Amino acid sequence: MAHTKFRLVDFIKYITLLIGVFVVLFPPYVVIVNAFKSTDEFNSSSSMALPKSFLNFDNFTAVFQRGGLLSGFGNVLVIIIITLTLNILFGTMVAYVLGRFSFKLKPVVFGAYLVATIIPSITTQVATFGIIKNMGLYNTLGAPIVLYIGADVIQIILYLQFIRNIPFDLDESAMVEGASLFKIYRSIIFPLLTPATATLLILKTISIYNDMYIPYLYIPKQSLGVVTTILMRFQGVNSGEWNLICAAILLILLPTVILYFFLQRYIFEGVTSGAVK
Amino acid sequence: MFGTLSYNKQKTIIIVSFLLIPLLLLATFTYYPAIKLVYYSFTNWDGYSPEKPWVGLDNYREVFSNPDIFKVFTHNFAYFVMGIVQNIVAIYFAVVLSSKLRGKNAFRIMLFLPYIMNGVAVAFMFGYVFDTTNGSLNLFLDNIGLHHLAQTSWLGTEGLVNYSLASTGFWRFMGYNMVIYIASLQAIPKDIYEAAKIDGAGSFQTLWRITLPNMKPVIQLNLFLTVTGALEVFDLPFVLTKGGPAGASETYVQKVVDTAFAFNNYGLASAMSIILLFFVVIVLLVQQLVLNRGGDK
């Protein structure tokens, strides 16, 4: 009796998990099979049928030629590299100060970062837009960069957790040898934060790569398109040609999905250590 | 040179210099716009002219007296409903994937996959899945014998479009919630479970009396994010339906953005933003109140 009940519970677990996986994979499956179909084949076959051949790359070359996807990848790469270099620098600096020193305004600084997260950034864009224009950054890659480089509270919490685990003895023995506080940051704290930095690099890369709103609003110029805005333009021009759009969708999903399968352990780590204190 | 200063002086210099730029960024791109927003909300600025005529509370009055503006919140309601369902499903999968099971990791990796996918690409992907005549969802429904459902226009029917869009959000973010719940489950000390087992607690009792109460803080956090997320939905309807059919899927934030950038009514848009901000703060306060009344933790 107890035995059969146990089996039933297991059965339900696996069935629901398989349904879950099916639901997750169904939309990408549809996109994948249709990305390889020619227009004729697309019109004559069912949208769930496999393509005649997975070696028909015509749609993909068309996307690259017509869509300017290559420059989109280039632009977003430039944004990511510059942003992350500065963002990691600022994030570790703030965390070093908050994690190692005590001073009167410390709770205020931390609180300022905390409160900032409850202000919905979409609603303040009206005013942010004016600032970006006044700085002369509108329609330059500088706009997304300055908007992304600020450290956020999750990043700071993540770094603070790591800094707490670096023994203060290390700082003290460096001080005994006469190292300056800047040197301690540069040659002890910053290198020892590398695991957290790596996790953040992955998470931030994904979130910048996937962001639609900031590029859409601040860099509408054709030549400055990033992958998301290029996909939007591409869909607008080619609406109805779903086989082409599927190829474009697939090309854009591919980099993060590959990144994910290689680095999922670090992604999980980053997501959870940021959210669960 | 710097190293020859006393550590106290160094400390002051480091604190000031290390915080200067980050705090400047925070002030420039978060707090200054927020303050500006409050100011704009009392003017009827059009977004470009140099003078910003002061109109006092007129914008706020307009928001509260114009039924068209608040009506869009009923569209946001679909996202709230789906968000709640999403959390329940996420807790279920988190509990299942924390139990003894083959292929646990593979299931985790698959279920989390949508979260890292590009939102615009996902939106278009679902645009294709939901397509009435060519779409795979209707084809699939037809294939499994649900012929009458297979004619549905998922994005073109007024009462349905928001739930279709919200289910896309569900698809994308369920795995994210699940991973966070899994982490909170792992933080529960194992000996509590052993003690419960010795006391003869069944698996349902264990779930109800130990697992869920211990997850409470994380559930609270996710519920806060669900409610505020539902209030702030923007990109999905913006990309997929442009608010259609006939404005049936327009969300509040989309209305704010349109009011500002399409109709050049920055003053009104700012007032609408401030009101949204208030709602978010109210949600947070109510939750804190409920949480603290609950006592434990």
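**Exercise 1. State how many salt bridges the predicted model has between chain B and chain A, and describe the contact and the buried area between these chains.**

*Solution.* The number of salt bridges counted between chain B and chain A is zero. Next, consider the residues taking part: 86 residues of chain B are in contact with 88 residues of chain A. The area buried between the two chains is about 7,700 Å². Carbon and sulfur atoms give 83% of that area. Finally, on the chain B side, B:F18, B:F29 and B:Y128 lose the most area to chain A, together 10% of what that side buries.

**Exercise 2. Determine how helix α10 of chain A and helix α1 of chain B are oriented, and which residues meet.**

*Solution.* Two packed helices are described by the angle and the distance between their axes. Here, the axes of α10(A), residues 181–192, and α1(B), residues 7–40, come within 9 Å and cross at roughly 60°. The two helices are therefore oblique to each other. In the contact, A:L181, A:F182 and A:Y185 of α10(A) meet B:Y7, B:Q10, B:K11, B:I14 and B:F18 of α1(B). Sorted by class, these comprise six nonpolar residues, one polar residue and one charged residue.

**Exercise 3. Compare the UniProt transmembrane annotation of chain B with the model for residues 12–32 and 109–130.**

*Solution.* The unreviewed UniProt entry places the feature "transmembrane region" at residues 12–32, 77–97, 109–130 and 266–291 of chain B. For residues 12–32, the end C-alpha atoms lie 26 Å apart, and the span is 100% helix and 0% strand. For residues 109–130, the corresponding separation is 25 Å, with 73% helix and 0% strand.

Key
Residues are numbered from 1 along each chain as its sequence is written. Chains are lettered from A and ligands numbered from 1 in the order in which they are written. This is a predicted model: local features need pLDDT of at least 70, side-chain atom pairs count only at pLDDT 80 or more; totals for chains, interfaces and linings use all residues. Side-chain values use heavy atoms; hydrogens and water are left out. UniProt positions are given in the numbering used here, feature names are shortened, and annotations may be inferred rather than shown by experiment. Helices (H or I, at least four residues) and strands (E, at least two) are DSSP runs, numbered from the N terminus. Axes are lines fitted to C-alpha atoms, for helices over the stretch in contact, and angles run from 0 to 180 degrees between N-to-C directions. Angles under 35 degrees count as roughly parallel, over 145 as roughly antiparallel, 65 to 115 as roughly perpendicular and the rest as oblique. Contact means heavy atoms within 4.5 Å. Ala, Val, Leu, Ile, Met, Phe, Trp, Tyr, Cys and Pro count as nonpolar, Asp, Glu, Lys and Arg as charged, and the others, Gly among them, as polar. Buried area is the accessible area (1.4 Å probe) that two parts lose on being put together, summed over both. A salt bridge is a side-chain nitrogen of Lys or Arg within 4 Å of a carboxyl oxygen of Asp or Glu.
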